[in-house]
Amino acid sequence: MKRHPIQSPFLYFLLFMLCNFQLMGQNDTIVLKNKDKLVGEIKQMEKGVLTVETDYSEDDFTITWVEVGEILSSQSYLITLSDGRRISGTIHTIDDHFGKVLIKGDGEEFEADISDIVFLKAVKSSFKSRLTASLSVGFNYTKSNNLSQFTVRSTISYTTFRWLLTGSYNSVRSNQDNVSETHRTDANVTYKYFMNKNRYYELTSAWLSNDEQLLKLRTTIRSGLGQYFIRNNKLYLGAGVGLAWNNEQFIPEANQSVQNSMEAYGAVVFNMFDVKDFSLNTSLAVYPSLTEGSRIRCDYTLDLKYDLPLDFFIKLGLTYNYDSKPVAGASTSDYIFQTTFGWEFN
């Protein structure tokens with residue numbers, strides 16, 4: 001068979017370009033403390049876990065951050081250090097300095113220990129790359145009294161260099177023979193703007209509806225300042241204070257329609273995420289009223305999650321609300337305990 005002279009060089013050129021495209025998407029190298037190497041594309045490091053995408057696996061690799069000794073990368077990242085500094089720039093290991101990296105960005109250049117990095121995210125322009133979400137559901141049924149209960153627990157967050165937007169939605173609905181349907185729903189949206197030295201500004205809007213406290217809808221809008229006192233690759237602990245406005249609408253049985261009040265608030269949040277496949281997230285907010293004498297409210301949440309393969313998980317959730325001066329006929333407290341199975345997107 002006669003071969004055209006241009007055919008062979010063209011094939012060589014095509015193979016060369018394909019190899020280059022392949023390498024362009026695999027331009028990061030991670031060396032572990034045991035000297036194992038992984039080549040791929042760093043996506044992010046959050047809560048002590050590094051996520052790396054590779055061409056030779058359908059699933060992303062996840063690596064415990066404390067096991068990383070060297071990083072070679074040409075990408076730009078959003079970087080947060082344990083002392084609260086936030087930098088947008090590049091990062092790579094210093095020659096012959098295992099465990100040390102050089103960070104360049106925002107007009108500065110400095111050395112840091114890899115262990116000092118508590119958050120790392122590749123800078124992407126797409127909306128999807130900055131989004132994380134989870135959804136878990138549960139269902140219980142008892143034949144003896146035809147009791148059915150459906151529960152939902154969900155979260156969503158969007159991260160940029162300077163701010164974070166998060167939201168959650170939790171709901172429980174119960175149906176039983178000869179008993180009116182009962183429900184409880186809570187949701188919130190929180191905006192955080194991060195400042196230096198692990199400080200942040202917070203604006204939160206929260207909603208609560210439950211039959212136990214005769215609440216048709218409680219809307220709480222709060223604004224204040226906070227700080228992370230501990231923030232590393234195993235856990236973080238933070239607290240904030242500020243002011244809140246509270247609007248409450250009651251169901252007809254309460255014989256009261258609307259109530260408004262002004263409150264102060266203090267909040268504490270604790271998140272532990274480096275216990276193998278377990279993570280713990282808990283928060284407590286206390287609201288002493290400024291317009292209603294001796295009234296105090298408390299909101300408490302706790303989530304214990306166990307990670308399964310393929311981004312599935314099992315979650316145990318507790319939400320508790322307390323009001324020292326509820327509307328007449330209502331209970332001072334209400335709580336739900338949820339066991340759900342879900343999936344996480346990030």
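I began with the surface, and I noted that the protein exposes about 19,200 Å², of which carbon and sulfur atoms supply 59%; accessible areas come from the Shrake-Rupley method with a 1.4 Å probe, and for residues only the protein chains shown count as cover.

I reminded myself that this is a predicted model, in which local features need pLDDT of at least 70 and side-chain atom pairs count only at pLDDT 80 or more, while totals for chains, interfaces and linings use all residues. Residues are numbered from 1 along each chain as its sequence is written, and side-chain values use heavy atoms, with hydrogens and water left out.

I looked up the confidence next: the mean pLDDT (the predictor's confidence in each residue, from 0 to 100) is 84, and 90% of the residues reach 70 or more. I found pLDDT under 50 over residues 1–7, for which the model has 1 contact (heavy atoms within 4.5 Å) beyond four places in sequence, and also under 50 over residues 10–26, with 9 such contacts. Where pLDDT is low, the predicted coordinates should not be read in detail.

I recorded 1 helix and 22 strands, taken as DSSP runs numbered from the N terminus (helices H or I, at least four residues; strands E, at least two).

I then turned to Ser171, which has its place in strand E13, residues 163–176. Ser171 is buried at a relative accessible area of 7%, since buried means under 20% (exposed is over 50%, partly exposed in between; 1.4 Å probe, protein chains only). Leaving aside neighbours within four places in sequence, I listed contacts of Ser171 that include Phe150, Val152 and Gln338.
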